[in-house]
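I opened this model to look up a few things and keep notes as I went. The entries follow in the order I made them.

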Amino acid sequence: MASRAAGTYPPVPVPLAHPGVDTHTHLDICTGARLPLGQGEPEPQLAPDEDEEFPELDFFFDTAEAAGVRRIVQIGCDLAAARWTAQLVADEYAGTGGSAPRSWMLGGAALHPNEAPRLAERGRLDDALTEIESLVTSHKRMRVVGETGLDYFRTGEEGIAEQQRSFRAHVEIAKRTGRALQIHDREAHADVLRILREEGAPEVTIFHCFSGDEAMARECAEHGYYMSFAGNITFKNADELRRAAASVPLELLLTETDAPFLTPHPHRGKPGGPYLAAVTARKLAEVRGLHEEELCAAVWENATRALGSWD
């Protein structure tokens, strides 16, 4: 298995002209970290391969600072990662002795749509949903219910009903707890929008790694949904996505990495980190014909309005 040692990561870009924001990253995966699962629980322990090397958290905070990315939202999307996330944001600084300020980070937790059928098959979905609600209310810095939603790319027809049930439950958790809802939508646009209409979307709804076209962007904008763009906006085959990004009202635009995934061109295929939100921000500015500073200032304001103060 390929190493994720610090040396394999893309170089740190020139710092942004205005501080940037990564509204969706997975530092648990980036670092190979997980909290131990409770004794007797049936979920497998998600741990790094013995031969795989991972950077420490300091690497991701230091590189983010160097690139001018000063706000990060850590997302845990299974039970193990959700527990790790809740502990991380509650700690002064993850117990690592690092120097990055705690005010840089918020957290979120949910069951990824692909988790829902697996948990339901073992009769564990309802208990898991209850725990997710407990975790997102466990600390004032846990601001997001996500990523939840629908994924018809990896889950077959037999898992759709449980995905939709889990998504509806997460919508209710977000509304009940006053948290933002962060949506994973892969090849399921129509059903995601339909369920939001049927359930009534939370006050703050964010499409993580937006993947729709201009028509979907217009529909999301009509409902006041935020749309967050990741490194795939830089991919050579992403012309349709770039057209969608150009059409989003500036006040509904967000940036993210989904790190370690979706590393921007020309480093596609390498592991990523929050610092690469700088590359996405610059591409978004180019696509929209804005100065980098103007784009980043708008995203900074949008993230504060959507998720509250980081301070």
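**Entry 1: S228 and its surroundings**

I began with the contacts of S228. Leaving aside neighbours within four places in sequence, I found S228 in contact with T23, I206, F207, H208, C209, F210, L254, T255 and E256. I am working from a predicted model.

I then placed the residue: S228 is found in strand β7. Is S228 buried or exposed? S228 has 0% relative accessibility, so I count it as buried, the cut-off being under 20%.

One of its contacts is polar. The side chain of S228 meets the side chain of T23 in a polar contact of 3.2 Å.

**Entry 2: the sheet**

Next I traced the strands. What is their order in the sheet? I read β1-β2-β3-β4-β5-β6-β7-β8, an open sheet of 8 strands with parallel pairing. The edge strands are β1 (20-25) and β8, each pairing on one side only. From one strand to the next, I get an average twist of 25 degrees.

I looked at one pairing in detail. Strand β4 and strand β5 (residues 180-186) pair in the parallel sense over 6 bridges.

Helix α8 (residues 214-222) lies across β5, β6 (205-207) and β7 (226-229). Against β7, I find α8 running at about 135 degrees.

**Entry 3: the annotated positions**

I turned to the record. Which positions does UniProt give for the feature "binding site"? The unreviewed entry places it at E147 and D258. They are spread over 112 residues of sequence, yet they cluster in space, with a largest C-alpha distance of 10.6 Å.

I took E147 first. E147 lies in strand β4 (residues 142-151). E147 is buried, with a relative accessible area of 3%. Beyond four places in sequence, I list its contacts as H24, H26, I75, C77, A110, L111, H112, P113, Q182, H184, H208 and D258. With H184 there is a polar contact, side chain to side chain, at 2.9 Å.

D258 came next. D258 sits in the loop between β8 (253-255) and α10 (277-288). I looked up its relative accessible area and got 10%, so D258 is buried. Not counting residues up to four places away in sequence, D258 touches D22, H24, H26, E147 and H208.

**Entry 4: aromatic pairs**

I counted the ring pairs. The structure holds 8 aromatic pairs. I wrote up two of them.

What kind of pair do Y9 and F59 form? Their ring centres are 5.2 Å apart and their planes stand at 65 degrees, so I call the pair edge-to-face. Y9 lies in the segment before β1 and F59 in helix α2, so the pair ties together parts that are 50 residues apart in sequence. Both Y9 and F59 are buried.

F210 lies in the loop between β6 and α8, while F229 is in strand β7, so the pair ties together parts that are 19 residues apart in sequence. I checked burial here too. F210 is buried, with a relative accessible area of 1%. F229 is buried as well, at 0%.

I also followed how rings join up. Ring pairs link Y9, F59, F60 and Y275 into a cluster.

**Entry 5: H223**

Where does H223 lie? I find H223 in the loop between α8 and β7. H223 has a relative accessible area of 41%, so I note it as partly exposed. I also took one distance: the C-alpha atoms of H223 and R197 are separated by 9.5 Å, with the two residues 26 apart along the chain.

Methods:
Residues numbered from 1 in each chain as written. Predicted model: local features only at pLDDT ≥ 70, side-chain atom pairs only at ≥ 80, totals over all residues. Heavy atoms only, no water. UniProt positions renumbered as here; feature names shortened; annotations may be inferred. Helix = DSSP H or I, 4+ residues; strand = E, 2+ residues; numbered from the N terminus. Buried < 20%, exposed > 50% of the residue type's maximum accessible area, 1.4 Å probe, protein only. Contact = heavy atoms within 4.5 Å. Polar contact = N/O pair within 3.5 Å; in protein donor to acceptor, adjacent residues only side chain to side chain. Pairing = 2+ DSSP bridges. Axes fitted to C-alpha atoms, helices over the stretch in contact; angles between N-to-C directions. Phe/Tyr/Trp six-rings, centres within 6.5 Å; stacked < 30°, edge-to-face > 60°.
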